[in-house]
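Have it open beside you as you read.

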Amino acid sequence: MTIGIIEDDRLLNRALNIALNKKGFETNCAYTYREGLRMAQERNDLLLLDISLPDGNGIELYREILKTRSIPAIFLTARDEEADMLTAFDAGADDYVVKPFPMKVLLKRVEAVLRRGADQSGRLSWEGLCLYQKAKRVCLENREIQLTPKEYRLLEFMMEHRGQVLSKESILEHVWDIDGQFVGDNTVSVTVNRLKKKIEPDARNGKFISNVFGMGYRFGR
């Protein structure tokens, strides 16, 4: 998983980078509002976002980012003020940490936000693709995608197991249930290909779903 760090304090930025790398996370780093806006367009599963940036406000930056994609965020700030906290949560923050903070505490909060996976609205999201489990809706960059029930269940199963290689047998078992006894491997391939055509900006590049030769399919990394 990849964590985006938008923090103008270069020593803290580097410390966060080192600590997250040691925990096995990949990182993207930025130091300003402008750099953060550009960096947020890359693959990130979570943002660590400083509120006070040299060229802008981190909360406003997060609002701007959310216009094009859904990314959870933990805000970092040196100001322990209720108004700032409420504004951050109103903007969609998943957590709020006041500096200085123990690195172990921040890492636990990072793990907690990532572990939730689906938020209170029952949403799974990655790289601008959002699946709303309660409403049974799928949107790509805020544009709704029409899926059949099997295509929806397939995407949900893949997003719930992002980064894992899923065999055709596993997909049959979880998506088709007992009907999988009467469904061939080719049905899985056809359904995956139909789904890819609907959600992939360029199906050939496999931004979301990729074939793992001889093993199955993988969603994301």
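Glu60 is partly exposed at 41% relative accessibility, where buried means under 20% relative accessible area, exposed over 50% and partly exposed in between (1.4 Å probe, protein chains only). In general, an α-helix has 3.6 residues a turn, so residues three or four places apart point the same way.

A word on the ground rules: this is a predicted model, in which local features need pLDDT of at least 70 and side-chain atom pairs count only at pLDDT 80 or more, while totals for chains, interfaces and linings use all residues. Residues are numbered from 1 along each chain as its sequence is written, and side-chain values use heavy atoms, with hydrogens and water left out. Helices (H or I, at least four residues) and strands (E, at least two) are DSSP runs, numbered from the N terminus.

**Salt bridges**

The count of salt bridges comes to 11. Three of them are set out here.

| Pair | Closest N and O atoms |
|---|---|
| Lys99 and Glu7 | 2.9 Å |
| Lys99 and Asp50 | 3.4 Å |

Which residues does Lys99 bring together? Glu7, Asp50 and Lys99 are linked in a network of salt bridges.

Take the bridge from Lys99 to Glu7, at 2.9 Å. Lys99 lies in the loop between strand S7 (95–98) and helix H5 (103–116), and Glu7 in the loop between strand S1 (2–6) and helix H1 (10–22), so the pair ties together parts 92 residues apart in sequence. Glu7 counts as buried, at 0% relative accessibility.

Now the bridge from Lys99 to Asp50, at 3.4 Å. This pair also links distant parts of the chain, 49 residues apart, with Asp50 in strand S3 (residues 46–50). Asp50 is buried, its relative accessible area being 3%.

**Two backbone details**

Lys99 has another feature: a cis peptide bond joins it to Pro100, with omega about -10°. Pro100 is found in the loop between S7 and H5. Elsewhere, Glu127 has a positive phi of about 55° although it is not a glycine. Glu127 lies in the loop between strand S8 (123–126) and strand S9 (129–132), and counts as buried at 9% relative accessibility. For context, most residues other than glycine have a negative phi, and most peptide bonds are trans.

H8 (residues 185–199) has 15 residues and should span 21 Å at 1.5 Å a residue; its end C-alpha atoms are 22 Å apart, which agrees. The expected span is 1.5 Å times one less than the number of residues.

Where do the buried residues of H8 fall? They are Val188, Ser189, Thr191, Val192, Leu195, Lys196 and Ile199. Seen down the helix axis, they fall within an arc of 165°, so they line one face of H8; the arc is that of the directions from the axis to the C-beta atoms. The face turned away from this buried side carries the exposed residues Asn186 and Lys197.

Terms used. A salt bridge is a side-chain nitrogen of Lys or Arg within 4 Å of a carboxyl oxygen of Asp or Glu.
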